[in-house]
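Have the model open while you go through them.

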Amino acid sequence: MEKLVIRGGKPLNGSVVISGMKNAALGIIFGCLLVKDKITLEDLPLISDVKLSLDILRRMGGEVTENEDGSVVIDCTNAVGGISPCDLVKKMRASYYLLGAELGRFGRAKVGRSGGCDFGSRPIDQHIKGFEALGGVVTVSDDYIRIEAENGIRGNELFFDVITVGGTINMLLASVLAEGTTVIENAAKEPHIVDVANFLNTCGAVITGAGTDTIKIKGVKELHGCTYAIVPDMIEAGTYMIAAAATRGCLRIENVIPKHLESITAKLVEMGVSVDEFDDAIVVSAPDPLRHINLKTLPYPGYPTDMQPQICALLAISEGTSHLIEGVIENRFRYVEELRRLGASIDVNGKTATINGVSGLHGARVRAVDLRAGAAMVIAGLASDGVTEIEDIHHIERGYHDIVGKLKKVGADIEKVEIQTL
Ligand code: EPU
């Protein structure tokens with residue numbers, strides 16, 4: 001097992017290049033199951049969740065070739081449904097995309113229960129409602145979810161009760177090869193939804209409206225191969241924006257779509273951070289002190305829940321009292337206890353964290369309790385005096401490509417070291 005060791009207090013300066021978006025890549029990789037042809041994916045972030053997804057496709061009979069230039073060729077012509085490996089599937093949340101992809105390709109699905117970040121209960125009732133609307137009969141047992149569609153998958157209209165990223169992507173995957181037209185109302189609008197739709201359209205699907213509340217999918221008979229580059233990761237970019245601000249440094253963040261970052265930029269500017277936008281880059285720098293703000297996380301285009309722990313770390317060292325409301329995911333404040341070890345003053349009451357800014361944090365031993373919580377620990381460690389050790393870094397490695405290398409390049413004192421056991 002490894003941990004991160006950070007000697008904090010050094011401003012980050014220089015430029016960092018953002019990788020392809022995790023949450024788009026995962027939908028797209030499982031989407032390859034729908035295509036009996038070669039797909040070349042470019043700008044795939046080589047993070048552990050992506051490697052795991054590729055391994056799952058391999059174990060299902062897909063051919064996956066990782067090229068030296070970083071591109072990956074996936075050919076699922078000979079893939080078989082219903083045999084996804086439970087040991088791998090249960091390690092990640094996004095493996096639930098196999099349900100939509102198997103249903104779309106084979107007209108039936110059998111997939112083990114998925115894992116991922118532990119935020120307590122993470123229901124998939126809306127996914128199930130969607131599969132049923134398309135004609136699927138869903139059976140949920142302790143180990144597996146099975147879907148049968150004896151009369152085939154048929155397009156239908158569906159109104160989601162809650163806005164769900166995974167549910168929307170699963171409906172896209174399940175319906176692109178269905179007979180007739182599917183209409184999803186109250187669809188999620190995140191850039192990863194648009195990217196998955198763009199990928200499927202490049203393979204010959206007919207999807208319109210992705211990025212709005214209403215998505216229409218006109219079923220086609222088959223999809224064909226293509227070459228597709230994954231969109232840049234807005235959450236990785238946002239994380240480096242906050243790391244620049246927390247260390248009072250100046251970072252040029254390259255390979256971004258500034259429009260995707262608007263809600264993050266707006267809150268940072270409100271705190272006093274300077275953000276300059278260019279075509280595909282932004283420059284972030286911060287004066288001292290920064291101001292307190294109030295913030296609520298919301299589905300896109302609101303401020304993302306996946307950037308909630310990171311901004312909490314920044315607010316912990318900003319002047320005054322901030323209120324942070326988690327409006328998307330239950331129980332996403334487990335990391336607060338870890339920030340307190342570094343000297344932060346934060347009270348949590350239900351969905352609201354009240355953060356009383358302190359003048360500085362001090363190094364300590366902390367855990368990455370989940371992926372974005374781990375990113376918050378890195379940010380807090382970089383901004384702390386002394387040495388911060390972060391354990392359980394496998395969570396961080398699920399979502400941030402080469403975080404140590406990228407941070408070192410801009411002046412951070414950060415190492416990944418083996419944990420010595422007796
Ligand atoms: N929900 C339901 N029923 C459902 C589906 C969702 O009640 O059938 C609720 C959830 O409990 C949650 C809310 O709706 O309260 C939103 O959940 P959503 O389905 O949008 O989340 P997800 O698809 O499971 C994805 C990302 C998460 C990100 C959320 C919200 C992937 C693989 N995961 O999860 O990413 O937090 O959307 O934007 O795309 C991360 O990258 O760190 C991460 C956790």
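1. Ground rules. This is a predicted model, so to speak of a local feature takes pLDDT of at least 70 and side-chain atom pairs count only at pLDDT 80 or more, while totals for chains, interfaces and linings use all residues. Residues are numbered from 1 along each chain as its sequence is written, and side-chain values use heavy atoms, with hydrogens and water left out.

2. Salt bridges (a side-chain nitrogen of Lys or Arg within 4 Å of a carboxyl oxygen of Asp or Glu) number 25 in the structure. The general idea is simple: side chains of opposite charge can pair when their charged atoms come close.

3. Arg332 and Asp306 form a salt bridge, with the closest N and O atoms 2.7 Å apart. Arg332 sits in the loop between strand E18 (321–325) and helix H11 (336–341), and Asp306 in the loop between strand E17 (294–296) and helix H10 (308–315), so the bridge ties together parts 26 residues apart in sequence. Helices (H or I, at least four residues) and strands (E, at least two) are DSSP runs, numbered from the N terminus.

4. Glu236 and Lys406 also pair up, at 2.7 Å from N to O. Glu236 belongs to helix H8 (residues 234–246) and Lys406 to helix H14 (residues 403–409), so this link spans distant parts of the chain, 170 residues apart. Both residues are buried.

5. Asp413 and Lys10 make a salt bridge whose closest N and O atoms are 4.0 Å apart. Asp413 is in strand E23 (residues 413–418) and Lys10 in the loop between strand E1 (2–7) and strand E2 (13–17), so parts 403 residues apart in sequence are tied together. Asp413 is partly exposed at 24% relative accessible area, and Lys10 is partly exposed at 35%.

6. Now the voids. How many cavities of 30 Å³ or more does the structure hold? Two. A cavity is a set of points, on a 1 Å grid over the protein atoms alone, where a 1.4 Å probe fits but cannot get out; lining residues have an atom within 4 Å of a point. Grid points are joined across faces, edges and corners, and a volume is the space filled by probe spheres set on the points.

7. The largest cavity has a volume of about 40 Å³. H8, helix H12 (371–383) and H14 each supply at least two residues of its lining, which includes Thr239, Val378 and Leu407. The classes there are seven nonpolar, one polar and no charged residues. For the record, Ala, Val, Leu, Ile, Met, Phe, Trp, Tyr, Cys and Pro count as nonpolar, Asp, Glu, Lys and Arg as charged, and the others, Gly among them, as polar.

8. The second largest cavity comes to about 30 Å³.

9. Finally, the largest pocket (an open set with protein on both sides within 12 Å along at least five of seven lines) has a volume of about 1100 Å³. Of its 41 lining residues, Arg93, Arg122, Val165, Val328 and Ile329 are the closest to its centre. By class, the lining has 20 nonpolar, 10 polar and 11 charged residues.

Note on methods: Buried < 20%, exposed > 50% of the residue type's maximum accessible area, 1.4 Å probe, protein only.
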